[in-house]
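I set out to record what I looked up in this structure. The entries follow in the order in which I made them.

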Amino acid sequence: MPRRPAASAWEPWLGSGALLAALSSDDRLVERMFERTGGMFRLWLPGAGKAVMLADPALVRDVCRAPADVIDAARANRVQEPVIGPRGLACLDGQEHRRLRQVMAPAVREQVSLRLRATTERLARRVADDCPIGVPFALGPRLHLALMEAILSITLGLDPAARRAWEGPLRELFRRAASYEISVRYLLRQVGGLALWPSFHRSRNACDRLIHDEIARRRHRLDPDGGSAGGSAGGRAADQTDDGGADLLGLLLRARGDTGARLADEVIRDQVMSMIAGARTTTATGLTWAFERLVRHPEAMSRLTAESDEGAGDAYAGAVVYEALRVRPPVAFFGRVVRRPFELGGRVLSPGTTIVVHLRSLHHAPGLHPDPETFRPERWLERRPGGYGWMPFGAGTHTCLGDHLAIMQMKVFLQVFARTLHLSPARAGDERVRLMAISNTPGEGCRVVARRRAGDKG
């Protein structure tokens, strides 16, 4: 990034206008503001007040390395609270966050296994087999449904019949959660923007009933004679021989707080919804972008197909995932809030200032990624992404717990589709980036035309 010029009195107004333009159309004005200001500019956020937006990797590093008593890593994440709840992992900080993360990590990390890989392959093959042939269609919605099915199995262990009862209410909730309306209502939450939204609350309540009914059913199986359902959000994994199930819900039901009490139902509900929301936002949208980029880069598609046909590992599929998440990060921003005066880039930020990291601009930093606008998976064949220039799963203590699981699922879907179908874009030209709530989504849902590959035998 170039040297930052001195801030002008107009900068917060221009920055706020650039953000509004990004919410309504695209990010070009945001990128121009970064060019004018050297990677950081001030703005006002309705409902939050003073803010700065960053795209300079050095500044992002300074924010991520700042002590917890200076920078609050959770407060800005509460934009997700209407869906995931106040005790969702992303919304917690400090000791409560650390303890709950320790409880959840084994269940989430252990899902990246040969067993789950085989299950994901079967799911991907079914989705590929169900795609219409020879006519344009939107691939994105099919991928979202498939990944929702997968996360319901991983998180709750639901069988196909049970999953069908969940899909409608969840789809309705996330349709509203991904709308422009929720962004406006969240900004106006202090004057009733969220509270006075009956259709959203009906959708969320329907999902909550499903989750709480499943918790009650599984609690009864775990402890037919009853037991304490109270407790704090923090806890430790209990005896793994208890019949709680091998999925995330089972582990949470077995967990105990410091006093020996089980985790509260509301805490468990928020972790379940957090996992479902994460699979939809990052995994499904990230996979949709990977296909949108691949069909417009035939040389990359050919190399992925060759690797998939030969069964020669998944190095190139992994490189495609890393590059798709770089050029089109599915999460648009992540944020932090200043707790104590904090010097950043020659400016002193006052307490209460929101720091917003604009991921697409960060990922396109020329000093980190040569020819940053170009989709080139080969850049990741000799190295894995890391540091402060590739952050699609967040950063620091609040890095997404399901990152390895998401990458595995995306690689498997890419390889199965490459072995099964020949995909081409439904029209020339890139699909525009459409900002919906906090997500960057393909403007047309990744419209493609599919044809069966010669010799495909399933």
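I began with the contacts in the protein chain between residues at least 6 apart in sequence, and noted that 73% of them join residues at least 24 apart; contact here means heavy atoms within 4.5 Å. The model is a predicted one, in which local features need pLDDT of at least 70, side-chain atom pairs count only at pLDDT 80 or more, and totals for chains, interfaces and linings use all residues. Residues are numbered from 1 along each chain as its sequence is written, and side-chain values use heavy atoms, with hydrogens and water left out.

I then looked up the totals. The secondary structure of the protein chain comes to 16 helices and 12 strands, taken as DSSP runs numbered from the N terminus (helices H or I, at least four residues; strands E, at least two). Of its 458 residues, 54% count as buried; buried means under 20% relative accessible area, exposed over 50%, and partly exposed in between, with a 1.4 Å probe and protein chains only. The chain exposes about 19,600 Å², of which carbon and sulfur atoms supply 54%.

Next I examined a helix pair. The axes of H5 (residues 94-109) and H12 (residues 265-294) come within 13 Å and cross at roughly 50°; axes are lines fitted to C-alpha atoms, for helices over the stretch in contact, and angles run from 0 to 180 degrees between N-to-C directions. H5 and H12 are therefore oblique to each other, a class left over once angles under 35 degrees (roughly parallel), over 145 (roughly antiparallel) and 65 to 115 (roughly perpendicular) are set aside. From H5, the contact is made by Leu-100, Met-104 and Val-108, and from H12 by Val-267, Gln-271 and Met-275.

Is Thr-283 buried or exposed? Its relative accessibility is 5%, so Thr-283 counts as buried. Leaving aside neighbours within four places in sequence, I found Thr-283 in contact with Leu-147, Gly-278, Ala-406, Gln-409 and Met-410.

Last, I checked two backbone angles. Asp-371, in the loop between helix H15 (359-363) and helix H16 (403-420), has a positive phi near 50° although the residue is not glycine. Asp-371 is partly exposed, at a relative accessible area of 45%. Cys-446, in the loop between strand E11 (439-442) and strand E12 (447-452), has a positive phi near 65°, and this residue is likewise other than glycine. Cys-446 counts as buried, at 0% relative accessibility.

Definitions and conventions:
Areas by Shrake-Rupley, 256 points an atom, 1.4 Å probe, with all protein chains shown as cover.
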